[in-house]
Amino acid sequence: MIKVLFADDHEMVRIGVSSYLSAQPDIEVMAEADDGGDAVKLALELKPDIILMDLVMKKMDGIEATRNIISQWPEARIIIVTSFLDDEKVYPALEAGATSYMLKTSKAKDIAEAIRATYQGQSILEPEVTGKIMSKMRQKPEIHRHDHLTEREMEVLMLMTKGKTNQEIADELFIALKTVKVHVSNILSKLEVHDRTQAVIYAFNQELFK
């Protein structure tokens, strides 16, 4: 079972989405929170597989909550589920460490699929979100950190941009899963990013794999 923590200050949203997710044979909504502060506390106590995080909540917003969780638990996988596509929301949320970004206009089944994909190590971004990220990234000074990547690390990064999991990368390159994990770790370190999502964003921004 994929254990999920759902943080949203709208009770009806929580009820609707949680009801659908709980009906899935492989997903369990283990806890809910109506504030970012409570989400941080529950995340660190329960260590869920996936955290669904709203952005705008009364006491602590989703960006601050995400930043707090990641700072204390870097392995956390957080999916932003929000109505906001504002530049001041999208980019900071991903920069804070969110793995995926979904809109509340998405169907419940799409959110369930995003949970499964994120659990498998993929990053799910709405097309509108990707466009805003690319626009924001292009405003930053161009830095060629990928020059430090080895040929094999570039191959792994290319497969990451295609949404491949570590196991799929291992199978395609005929290398051990443990070796893939080492390559991914080296890629994140050399690109100076926190997670796979930011590595993929960097690759797209630099147009590494046309």
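**Annotated site, cores and a helix pair**

Modeller: Start with the UniProt record, an unreviewed entry: its annotation "modified residue: 4-aspartylphosphate" covers Asp54. Keep in mind that the model is predicted.

Colleague: Where is Asp54 found?

Modeller: In the loop between strand E3 (50–53) and helix H3 (62–72).

Colleague: Buried or exposed, Asp54?

Modeller: Asp54 has 3% relative accessibility, and the cut-off for buried is under 20%, so Asp54 counts as buried.

Colleague: And what does Asp54 touch?

Modeller: Leaving out residues up to four places away in sequence, Asp54 touches Ala7, Asp8, Asp9, His10, Gly62, Val81, Thr82 and Lys104.

Colleague: Switching to the largest nonpolar core. Which residues touch the most other members?

Modeller: Ile51, Met53, Ile69, Ala76, Ile78, Ile80 and Tyr101, out of 28 residues. Elements giving two or more residues to this core include strand E1 (2–7), E3, H3 and strand E5 (100–103).

Colleague: Take Ile69. What does Ile69 touch?

Modeller: Beyond residues up to four places away in sequence, Ile69 touches Ala39, Val40, Ala43, Leu44, Ile51, Met53, Ala76 and Ile78. Another core lies apart from the largest one. That other core has 19 residues, among them Leu159, Leu173, Ile187 and Ala203.

Colleague: Now helices H7 and H8. At what angle do their axes cross?

Modeller: Roughly 130°, with the axes of H7 (residues 151–161) and H8 (residues 166–173) coming within 10 Å. That makes H7 oblique to H8. The crossing is right-handed.

Colleague: Which residues meet there?

Modeller: From H7, Arg152, Glu155, Val156, Leu159 and Met160. They meet Ile169, Glu172 and Leu173 in H8.

Conventions: Residues numbered from 1 in each chain as written. Predicted model: local features only at pLDDT ≥ 70, side-chain atom pairs only at ≥ 80, totals over all residues. Heavy atoms only, no water. UniProt positions renumbered as here; feature names shortened; annotations may be inferred. Helix = DSSP H or I, 4+ residues; strand = E, 2+ residues; numbered from the N terminus. Buried < 20%, exposed > 50% of the residue type's maximum accessible area, 1.4 Å probe, protein only. Contact = heavy atoms within 4.5 Å. Core = buried A, V, L, I, M, F, W, Y, C linked by side-chain atoms within 4.5 Å. Axes fitted to C-alpha atoms, helices over the stretch in contact; angles between N-to-C directions. Parallel < 35°, antiparallel > 145°, perpendicular 65-115°, else oblique. Left-handed = near helix turned anticlockwise from the far one by under 90°.
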